[in-house]
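Dear colleague,

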Amino acid sequence: MKSIDRRQVLKYGMGGAAALPVLASPFGRQVLAQDPDSLTIAYNVALPSWDPTVGTSAVNPTLQSIYKSVFDQYLDLAPDLTLKEGLLTGWGWNDDRTQVHFELREGAFWHDGTPVTAEDVVWSLSRAADPDVGNPVQPVWAGIGNFSVDGNSITADVLNFDPVLFKWLAFLTGYVLPKQYYESVGAEGFEQKPVGSGPYMVDAFERDSFLRLKAFDKYWGPKPAFETVVFKFVTDATSRVAEIESGASDLTIEIPYEEFDRLREKSSLQGLSTPVSDIAMIFLNDIGPMEDENVRLAAHHAINKKAIVDRLLRGYGVPIDTLQAPEYAAFDASIEVPYDPDKAKELLAASGFSTDNPVTFSIQTTRGFKPKDFEMIQAIIGMWRDVGIEAEIEIYEIAKHFELRARDELAPAAFYNWGNSIGDPSTSTFFAMFGPSPHSVWDTDDLDGKLLPLLGEPDEAKRIAGYQEVDRYIAEKGYVIPLLQYVQPIVLREGLTMTPHVANYVLPHLVKPAN
Amino acid sequence: MSGSYFLRRLLLAVPTLFGVAVIVFVLLRVVPGDPIAMMIPPGAGADDIENLRRVYGLDQPMLVQFTRWLSDVARGDFGVSINLRQDVGRLVLSRLPASLELAVVATALAVLSGGLLAIAGVYWRGRWPEAVVDGLTGLTLAIPDFLWGLVFILVLGVLLPVLPISGRLDPRQAIAFSSQFYLAESLLRGEFRVLGMLFTHLVLPAAALALPLMAVIARMLKTSLSEAMTQDYVLVARVKGFTRGRIILREALRNAMIPTVTLTGVQFTFLVGGTVLVERIFSYPGIGNMAIGAVISRDLPLIQGLILTFAALFIAINLLVDLTTVMLNPRVRHG
């Protein structure tokens with residue numbers, strides 16, 4: 001029998017290891033993403049569907065970056081959330097607000113080369129309002145109808161006045177699709193070969209793997225800096241870190257803050273952190289102990305939000321006391337619910353509770369759905385315990401949260417994150433707190449009575465002031481516990497610049513070479 | 001074992017699949033997570049929510065929904081995915097080849113390396129290489145596939161960036177395939193450059209999946225081989241003066257292989273269904289990755305289609321394993 005010794009094993013083993021890069025090099029050497037004409041983004045969500053107006057993907061905020069690269073919205077949002085022109089260059093109400101009028105941009109084209117027409121806009125709006133199509137925001141679009149077209153001018157009757165209509169034109173499902181093309185290929189055909197009018201056209205799409213876009217040379221806006229953009233769908237955060245660190249991608253988002261701090265120190269990479277339109281909050285349900293105002297207010301005063309931001313999120317977060325982040329239209333810095341554990345103890349004592357006789361309830365949270373969600377709730381439970389609140393954590397999936405919230409069956413306290421890309425108070429305070437809303441679990445007549453008139457308030461200044469008043473009332477009564485505004489960590493290769501977008505969009509046409 | 005046995009097995013597949021269909025359909029509607037709740041619009045009233053249920057066919061009683069779905073499935077129509085808005089059958093079939101190629105390559109790697117380790121362990125029985133084999137199999141078995149995946153990403157993707165760490169192919173290259181079996185197609189066409197590119201994308205996830213299976217195969221085959229080496233026919237071969245290597249490879253291996261083949265067949269099925277985490281880590285577009293997305297978004301038609309596909313695959317592979325066992329084992333063939 002032929003024997004081998006350790007030296008031979010080591011010799012051949014080392015030789016094999018040394019040969020690995022050589023063997024791998026002809027085919028497998030990493031393609032570094034430093035091509036001046038292309039941009040590779042390691043993206044955190046895979047695109048499920050190409051129709052930005054139908055189904056669950058249409059209301060997924062993270063997918064809007066991809067949709068906005070390929071499709072145009074009626075109106076657009078600037079990086080600071082101000083409304084600006086999209087495919088429409090003019091918009092407004094008539095004097096008595098019974099009609100709306102739109103002006104379509106001249107010189108806009110679909111990716112198949114045909115011009116964008118007013119008929120496309122009317123068809124898109126009518127389709128969105130059709131209850132049989134499945135647009136998740138259908139009730140909003142059903143608020144206008146009876147369209148008439150004169151050249152590039154469009155007029156419609158207001159069937160249900162909504163002061164936020166124009167902001168919705170730049171929000172979820174507010175996209176213009178090509179009537180003729182869609183009708184000729186159908187829904188399945190559109191999924192196979194989508195056609196939009198945005199800055200990029202679809203070149204290749206490998207579901208759950210990648211999307212390759214080519215710059216559209218007839219785009220009406222500024223020419224994008226990169227001819228080719230690749231979205232790699234890398235849903236695992238560790239893999240996204242590896243993508244950017246290895247140089248296989250130029251840009252990535254949604255990585256752990258610890259990794260963000262480490263990567264931004266590297267000479268080949270840079271980090272951008274920007275507060276975005278996404279907040280962490282605790283829903284309170286008007287059941288059991290939450291019917292006691294002292295308990296609600298104590299639960300709020302006992303939370304040291306700054307400590308949570310500093311210690312758990314490494315400083316990447318902005319503490320908030322209302323459902324409005326600083327960039328939102330109705331933000332009012334004077335409304336404060338300060339961290340005050342002594343006051344929390346006093347409030348609880350007034351209701352007969354103490355650390356020896358704590359008030360008990362359960363709190364629901366996701367684990368890993370948002371950065372440090374579970375850890376935040378653990379920290380909060382520790383803070384509550386110090387003042388006389390004993391809460392038990394129940395972990396659930398986000399799908400269960402949606403179901404329980406729609407049925408008004410959330411626990412007395414439930415952690416959630418609320419996105420609001422347009423920064424309007426109706427899409428935060430109203431829908432999160434108005435009792436009959438399927439998104440609210442707080443149902444009291446006092447609050448509903450204050451909120452309902454604001455829904456149709458035509459005077460914008462009065463509307464915003466009204467929401468600020470309601471936010472103050474909510475803070476005083478403790479109907480919800482806003483925690484913090486999230487900060488989006490973006491890592492990009494040295495040599496690139498990017499304009500961060502408060503709406504949390506990662507738009508390839510906002511990324512440019514540094515020189 | 002006769003043809004009628006296999007026919008019986010095929011017929012038995014029908015009630016099995018029906019049972020799976022019933023369990024999956026009922027379970028998905030009992031567990032929490034309503035797909036409509038995930039797309040309720042702001043400001044929606046009860047009518048709007050009911051309308052969404054109607055649009056997605058979820059407004060009917062469960063029995064009516066099940067009967068409709070089952071009759072559609074019997075006609076080969078698995079419905080339309082709520083989230084991906086495409087035909088479920090076509091979606092699953094378009095993704096299955098990626099997972100099958102991954103599972104085949106992983107199994108091939110596992111069989112090859114596991115087989116070599118087992119043979120080495122038996123060949124050098126009682127000497128230090130056997131201890132190395134046992135230690136190696138113990139180590140690879142102790143670490144789950146997704147952790148191997150992360151280790152490979154770190155070492156071969158970041159520290160020593162020699163292999164791609166995401167996707168099935170290089171997104172910068174425009175390559176047209178006429179089927180979803182990219183690897184097989186490029187091999188048949190003789191496009192070795194493309195084949196190389198595909199293989200480098202496949203090798204890390206395949207190796208991550210292969211390592212635990214390699215250990216199982218190595219241990220099973222080593223035990224079977226050790227047993228076979230004590231049999232009379234091996235003694236006869238020794239008396240004839242055959243070398244130890246020849247005895248292992250030509251006399252003992254064939255008999256020792258039978259339980260390993262059965263095990264590998266079953267493990268292959270689990271591999272196809274168990275690629276979920278590895279596909280996720282390597283952003284590999286197979287059915288495992290699709291299954292995660294479907295579960296997160298509560299895409300009921302897609303989950304149902306995927307599970308039925310897994311069940312059908314499981315039955316088909318078990319039949320194939322039985323056939324292979326018959327071919328290898330004369331006692332079963334003539335019994």
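Just after helix α12 of chain B, Arg298(B) takes a positive phi of about 50 degrees; please keep in mind while reading that this is a predicted model. The buried residues of α12(B) are Ile287(B), Gly288(B), Asn289(B), Met290(B), Ala291(B), Ile292(B) and Ala294(B).

In chain A, a positive phi, of about 65 degrees, is found at Gly151(A), which lies in the turn of the hairpin that β6(A) and β7(A) form with two residues between them. These strands, residues 144–150 and 153–158 of chain A, run antiparallel and are joined by five bridges, and Val149(A) has Ile154(A) in β7(A) as its bridge partner.

As for the interface, chain A and chain B bury about 5700 Å² between them, with 58% of that area on carbon and sulfur atoms, and the contact takes 70 residues from chain A and 67 residues from chain B. Six salt bridges are counted between the two chains, and the side chains of Glu188(A) and Arg90(B) meet in a salt bridge at 3.2 Å, N to O. Between chain A and chain B there are also 18 residue pairs in polar contact, both residues being at pLDDT 80 or more. Among the elements that give two or more residues to the side of chain A that touches chain B are α1 (6–28), α6 (179–192) and α13 (398–406) of chain A, and α1(A) gives the most, with eight residues. By class, that side of chain A has 31 nonpolar, 18 polar and 21 charged residues.

With best regards

How values were computed:
Residues are numbered from 1 along each chain as its sequence is written. Chains are lettered from A and ligands numbered from 1 in the order in which they are written. Side-chain values use heavy atoms; hydrogens and water are left out. Two strands pair if DSSP finds at least two bridges between them. Helices (H or I, at least four residues) and strands (E, at least two) are DSSP runs, numbered from the N terminus. Buried means under 20% relative accessible area, exposed over 50%, partly exposed in between (1.4 Å probe, protein chains only). Contact means heavy atoms within 4.5 Å. Buried area is the accessible area (1.4 Å probe) that two parts lose on being put together, summed over both. A salt bridge is a side-chain nitrogen of Lys or Arg within 4 Å of a carboxyl oxygen of Asp or Glu. A polar contact is a pair of N or O atoms within 3.5 Å; within protein, one must be able to donate a hydrogen and the other to accept it, and residues adjacent in sequence count only if both atoms are side-chain atoms. Ala, Val, Leu, Ile, Met, Phe, Trp, Tyr, Cys and Pro count as nonpolar, Asp, Glu, Lys and Arg as charged, and the others, Gly among them, as polar.
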